[in-house]
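Subject: Structure handover

Dear colleague,

I am passing the structure below on to you, followed by notes on what was found in it. Please read the notes with the sequence and the 3D view open beside them.

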There are 2 protein chains.
Amino acid sequence: MDTASVLRELSGKARPLKVVMFGAGELGREIFREARRSWYELVAVDRYQGSPAARVADREYVFDMLNGDAVRHVVETEEPDVVIPEIEAIDTEELLELERDGWFVVPNAEAARVCMDRKLLRERIAEQGVPTSPYTFVETGDPEDYREAVLDVGLPAVSKAVMSSSGKGSHYVHDEDDVEAARLAAKNEARGRGDVAVIEGFVDFDVEVTAITTRHLVDGGMGVTFAKPVWQYQTGKGDYHGSGHSPDVADYLPWGPDSDRRDEELAAEAEERVYDAAEGIVEALGGAGVFGVELFVKEAGGEVEVLANEVSPRPHDTGMVTYLSHRPGLSEGGLHLRAVTGREVPFDEEVGGHRILRPLHPAASHALKAPGEVEGYGLRYRGLAEAERYAELYLFDKPFAYHSKGEHVTCEERMGVALARGHDLEEAVRLSESAAHAVEMRAGDTDWSAQDEDEGHFATR
Amino acid sequence: MDTASVLRELSGKARPLKVVMFGAGELGREIFREARRSWYELVAVDRYQGSPAARVADREYVFDMLNGDAVRHVVETEEPDVVIPEIEAIDTEELLELERDGWFVVPNAEAARVCMDRKLLRERIAEQGVPTSPYTFVETGDPEDYREAVLDVGLPAVSKAVMSSSGKGSHYVHDEDDVEAARLAAKNEARGRGDVAVIEGFVDFDVEVTAITTRHLVDGGMGVTFAKPVWQYQTGKGDYHGSGHSPDVADYLPWGPDSDRRDEELAAEAEERVYDAAEGIVEALGGAGVFGVELFVKEAGGEVEVLANEVSPRPHDTGMVTYLSHRPGLSEGGLHLRAVTGREVPFDEEVGGHRILRPLHPAASHALKAPGEVEGYGLRYRGLAEAERYAELYLFDKPFAYHSKGEHVTCEERMGVALARGHDLEEAVRLSESAAHAVEMRAGDTDWSAQDEDEGHFATR
């Protein structure tokens with residue numbers, strides 16, 4: 001049955017509907033928090049007990065979701081109306097089989113499989129005629145083969161485990177000294193297969209954005225609705241560090257919020273190009289739900305160019321800013337819930353024929369990471385009174401912090417996010433950063449500690 | 001220790017903070033839903049298992065909270081940072097003793113006691129110089145005494161159990177034929193003592209509003225912040241039926257949204273008078289948290305008069321409209337959580353020196369009641385696809401529907417609320433009503449049934 005038919009049937013079904021979510025982290029928690037006001041039966045699955053979304057679920061299962069038998073067992077036992085894979089480290093072949101057996105997997109099992117495989121995804125994007133950065137694939141086992149592949153693509157480059165997410169297994173290669181660290185990161189930190197890395201030539205882009213794209217029922221058929229492009233910035237480790245957006249895209253398109261240049265016409269062109277590229281990619285993937293389409297935006301000689309990067313077939317780290325910037329119920333988690341249960345999604349304006357939700361005000365998000373020395377169970381937070389003067393704190397309620405450690409690089413575990421609103425995007429970013437760095441954490445008997453000062457958003461690139 | 005000192009201490013304390021909530025219904029669920037994003041440990045207590053707020057709590061206790069020993073046992077076992085009484089049917093003497101023992105009960109134990117006793121409350125309001133309707137108290141045991149008291153106050157009148165809430169035990173007395181039904185409602189449907197009723201002379205008001213008033217830390221001391229006055233309307237049974245508010249108070253002040261008259265100056269005067277009256281009453285009650293101050297607004301000869309009615313020392317039925325109309329995190333549940341944990345509350349504008357939060361857009365709420373014939377466990381809903389075209393549905397996820405039955409009057413159990421936004425208040429109200437009446441319910445094997453058509457909001461008064 002095609003997605004629209006499934007959704008039409010779901011929308012007419014009596015509630016409660018039952019949802020099983022595989023991977024019950026912070027992005028999933030927001031989906032369940034939204035569901036928790038309209039009578040869904042909620043089942044969370046994760047590798048550990050007490051995961052963020054499990055704390056708002058009706059019950060939880062705990063196992064490694066790379067075990068396809070266990071995944072199937074839960075689906076056949078629970079008989080859910082909707083299966084939401086919210087994690088890359090899951091047996092995607094089993095999801096395909098479950099879908100063939102008639103279970104509704106979102107966005108669809110094939111999209112879940114393609115998006116977690118950077119090789120398949122790049123092929124799919126190329127079919128849409130959307131350009132990407134130069135890239136090659138290489139096995140991570142042999143240091144010399146790996147080094148050669150990196151130098152072929154050219155420095156600077158970004159190395160990423162072919163199957164991973166959230167920056168795990170990713171590493172910037174600024175010069176030759178970084179090559180071995182990058183290889184080990186891809187090999188050892190992947191959330192899935194670590195045997196192959198993709199090496200991406202560094203794109204000299206002006207700004208990186210995420211198109212939070214919701215594919216959902218529109219008048220009985222399928223259509224998409226966009227959030228305004230979400231500007232994002234990362235640290236040297238390649239993982240999400242902060243994001244923001246604004247009702248006025250000229251605040252950050254096409255040159256980023258730190259630019260003194262401003263051009264309404266180019267901004268409008270960039271905005272439309274972002275939606276065009278994202279729509280093509282999402283239509284190729286199909287299914288229902290929120291996709292986070294990461295795109296590079298570049299201006300050269302008065303022309304705007306948009307290159308595709310990655311796609312999450314689910315809510316996206318950078319989209320957490322919508323928890324504060326969108327109207328109640330329309331955070332990316334709320335949008336995902338609506339889309340996968342057959343509800344329509346409203347829109348505020350049309351841009352180039354696309355349906356657009358407008359943020360209420362400029363807003364920014366900044367990751368709240370556990371400092372490297374804070375590790376283990378028994379987490380506590382202080383300094384919140386000061387932090388909450390600047391921003392809202394969304395803490396993920398994780399029962400522990402464990403950092404992803406490569407031999408050369410440690411990715412600190414993300415424990416929450418600071419969400420700020422400002423008169424403009426720059427103010428919002430500064431406030432979110434001030435809040436994140438005011439929080440101190442400890443685990444068990446460790447010392448109280450705040451996260452390392454990073455280079456700051458405006459110096460990141 | 002005074003409230004400000006307690007709150008300052010709480011705001012500096014490491015998180016997680018622990019909250020015990022007595023009474024875990026729909027208004028409490030929103031408090032816990034808000035808390036569920038910032039690492040609180042949440043304990044729900046109610047008379048039945050699987051109550052709305054228990055489904056987002058870490059654990060639940062089930063007992064009758066008029067049993068003071070049980071109330072104390074939970075507090076002493078859990079050692080919470082904050083005790084939230086979210087129900088009138090609780091041993092308020094025990095709350096006073098717990099407070100004396102040093103536990104932080106919000107807003108404070110005395111306010112909880114006063115607000116559930118209509119006699120004490122009216123005395124406290126009178127001390128503030130705020131007028132009320134004419135009233136008298138009478139025992140409900142003797143039909144003749146009761147009849148005499150009603151006729152003394154004069155018809156039409158409203159009879160209410162002296163200790164109750166949410167319209168339980170309340171009844172309009174339009175003419176003498178209604179007297180006995182009103183007595184039995186007060187006697188048999190009270191949520192607490194049913195032996196005494198208050199008879200209130202009918203105020204020929206133009207509009208009834210709730211001042212959603214938050215008392216919280218401001219610069220280390222205590223201050224209040226208001227939502228824009230929430231317009232409310234009831235059915236003949238005297239319980240909450242719908243509400244709404246708008247950024248532009250002249251849409252409904254001082255004559256209500258159904259009036260063709262419009263006067264910006266009188267509206268501004270009415271708005272300010274509402275805040276003045278509510279602030280006086282809330283300052284007299286003290287403590288921290290959201291108060292729902294119900295007020296009648298009346299215009300006569302170009303003069304605006306404001307009369308006090310009732311006060312909830314907690315979020316209020318009519319304030320559920322803020323779930324949709326306020327910015328994310330600032331619903332009345334979010335405001336209550338902030339206030340009782342020592343956080344400040346932002347404001348958007350000042351009106352007559354008062355701090356005011358502005359709604360994002362005109363919005364309305366309409367109760368979703370179980371039809372009288374739908375009763376018991378195994379509730380299911382359908383017609384939601386149509387309903388959700390008009391409005392957001394907040395379903396309370398109650399495991400059953402049982403109606404409050406007097407001998408002559410049945411108050412249908414409220415199962416949810418439809419929340420709509422509109423270009424103006426009237427459109428929002430119509431949309432919320434359309435949504436509520438599109439939903440069909442069944443319990444177990446009952447027939448599918450939609451709630452009775454009521455007289456409609458514009459005909460209610």
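A:Pro16 sits in the loop of chain A that runs between helix H1 (3-12) and strand E1 (17-22), where helices (H or I, at least four residues) and strands (E, at least two) are DSSP runs numbered from the N terminus. The peptide bond that joins A:Arg15 to A:Pro16 is cis, with an omega of about 10°.

Please keep in mind that this is a predicted model, in which local features need pLDDT of at least 70 and side-chain atom pairs count only at pLDDT 80 or more, while totals for chains, interfaces and linings use all residues. Residues are numbered from 1 along each chain as its sequence is written, chains are lettered from A and ligands numbered from 1 in the order in which they are written, and side-chain values use heavy atoms, with hydrogens and water left out.

In chain B, another cis peptide bond leads from B:Val106 to B:Pro107, with omega near -10°, and B:Pro107 belongs to the loop between helix H4 (92-100) and helix H5 (109-115) of that chain. B:Trp39, which is found in the loop between helix H2 (26-35) and strand E2 (40-46) of chain B, has a positive phi of about 60° although it is not a glycine.

As for salt bridges (a side-chain nitrogen of Lys or Arg within 4 Å of a carboxyl oxygen of Asp or Glu), the whole structure holds 92 of them over all chains. One of them pairs A:Asp58 with A:Arg36 at 3.0 Å, N to O. Because A:Asp58 lies in the loop between strand E2 (40-46) and strand E3 (59-62) of chain A and A:Arg36 in the loop between H2 and E2, this pair ties together parts that are 22 residues apart in sequence.

Turning to the interface, 43 residues from chain A and 43 residues from chain B take part in the contact, which means heavy atoms within 4.5 Å. The two chains bury about 4,000 Å² between them, 43% of it on carbon and sulfur atoms; buried area is the accessible area (1.4 Å probe) that two parts lose on being put together, summed over both. Between chain A and chain B there are 16 salt bridges, including that of A:Asp397 with B:Arg36, whose closest N and O atoms are 3.8 Å apart. Among the elements that give two or more residues to the side of chain A that touches chain B are helix H2 (26-35), helix H12 (384-390) and strand E20 (392-395) of chain A.

The same surface serves both copies, since 100% of the contact residues of chain A recur in chain B.
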